[in-house]
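Visitor: Hi! Could you walk me through this one?
Guide: Happy to, have a look here.

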Amino acid sequence: MLSDDCVSHTIPADPAVGIAATREFVKNFAAGVESVTFATNAIAANGSTVLTERVDTFLYPGGKRIDLPVMGTFEVDGDGKISAWRDYFDLNQFMSQMG
């Protein structure tokens, strides 16, 4: 669902440009994760921009669970593909749950 030249930016990390770089970032961010679920609490659209308020839940081997509130912004191009994807969250909240 990503455009070839998409820009994904998980704040506070550096942006990833293109599908391959986005896949690599997600692969590294989720290293060691057994599963991830996304619970959308709210969603809104204005033209080609979609905003999501959600909780991403990461499950790790051994039962460790991290619940991370996230605000996501997606920009959709004329072909219906995501051309920009930005996720905002509190890194300290994630790290404190990592232990």
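Visitor: What joins the side chains of Ser8 and Thr22?
Guide: A polar contact of 2.9 Å, meaning a pair of N or O atoms within 3.5 Å, where within protein one must be able to donate a hydrogen and the other to accept it, and residues adjacent in sequence count only if both atoms are side-chain atoms. This is a predicted model, where local features need pLDDT of at least 70, side-chain atom pairs count only at pLDDT 80 or more, and totals for chains, interfaces and linings use all residues. Residues are numbered from 1 along each chain as its sequence is written, and side-chain values use heavy atoms, leaving out hydrogens and water.

Visitor: Is Ser8 buried or exposed?
Guide: Ser8 is buried, at 8% relative accessible area; buried is under 20%, exposed over 50%, partly exposed in between, with a 1.4 Å probe and protein chains only.

Visitor: And which residues does Ser8 touch?
Guide: Leaving aside residues up to four places away in sequence, Ser8 touches Pro15, Ala16, Thr22 and Trp85; contact means heavy atoms within 4.5 Å.

Visitor: Where does Ser8 lie?
Guide: In strand β1. Strands are DSSP runs of E, at least two residues, and helices are runs of H or I, at least four, numbered from the N terminus.

Visitor: New topic: in what order do the strands of the sheet come?
Guide: The open sheet has six strands, ordered β2-β1-β6-β5-β4-β3, with mixed pairing; two strands pair if DSSP finds at least two bridges between them.

Visitor: Which strands stand at the edges?
Guide: β2 (16-17) and β3 (35-46) do, and each has a single partner strand, so one side of each lacks a neighbour in the sheet.

Visitor: How many bridges join β5 to β6?
Guide: Six, and these two strands run antiparallel. Met71, for one, has Tyr88 in β6 as its bridge partner.
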